[in-house]
Amino acid sequence: EWGSGNGRKLMDFAEAFAKEHGYVSVRLDTFSKNERNQRFYEARGYKRLGNIYFPKQSEHPFYCYEKVLQ
């Protein structure tokens with residue numbers, strides 16, 4: 001359900017797991033038309049790196065994001 005905080009909890013877990021296991025960053029992608037996800041990731045400190053295309057899936061790109069872990 002939207003607004004339940006599950007997305008935040010999942011991202012908290014993924015970032016903590018990555019840190020604990022020595023990863024330098026977390027990378028992900030989201031559909032370019034999904035503005036809600038983009039705002040969510042950017043609010044968590046993710047930076048947009050570029051676009052990737054899946055022509056069989058959509059004419060619109062997916063945006064690649066990365067967060068460098070401290």
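Which residues make up the largest nonpolar core?

The model is predicted. Its largest nonpolar core has nine residues: Met11, Ala18, Val26, Leu28, Tyr41, Tyr46, Tyr63, Tyr65 and Leu69.

Met11 is one of the core residues. Leaving out residues up to four places away in sequence, Met11 touches Leu28, Phe40, Tyr41, Arg44 and Tyr46.

## Salt bridge within α1

The structure holds five salt bridges. One of them pairs Arg8 with Asp12, with the closest N and O atoms 3.5 Å apart. Both residues lie in helix α1, four residues apart, about one turn of the helix. Arg8 is partly exposed, at 42% relative accessible area. Asp12 is partly exposed too, at 35%.

## Bridges from Glu15

Glu15 forms a salt bridge with Arg44, and the closest N and O atoms are 3.0 Å apart. Glu15 sits in helix α1 and Arg44 in the loop between α2 (35-43) and β2 (47-52), so the pair ties together parts 29 residues apart in sequence. Arg44 is buried, with a relative accessible area of 17%. Glu15 is buried at 8%.

Glu15 also meets Lys67 in a salt bridge, at 3.1 Å from N to O. Lys67 lies in strand β3 and Glu15 in helix α1, so this pair ties together parts 52 residues apart in sequence. Lys67 is buried, as is Glu15.

## Network

Salt bridges with shared partners join Arg8, Asp12, Glu15, Arg44 and Lys67 into one network.

Technical notes. Residues are numbered from 1 along each chain as its sequence is written. This is a predicted model: local features need pLDDT of at least 70, side-chain atom pairs count only at pLDDT 80 or more; totals for chains, interfaces and linings use all residues. Side-chain values use heavy atoms; hydrogens and water are left out. A nonpolar core is a set of buried Ala, Val, Leu, Ile, Met, Phe, Trp, Tyr and Cys residues joined through side-chain atoms within 4.5 Å. Buried means under 20% relative accessible area, exposed over 50%, partly exposed in between (1.4 Å probe, protein chains only). Contact means heavy atoms within 4.5 Å. A salt bridge is a side-chain nitrogen of Lys or Arg within 4 Å of a carboxyl oxygen of Asp or Glu. Helices (H or I, at least four residues) and strands (E, at least two) are DSSP runs, numbered from the N terminus.
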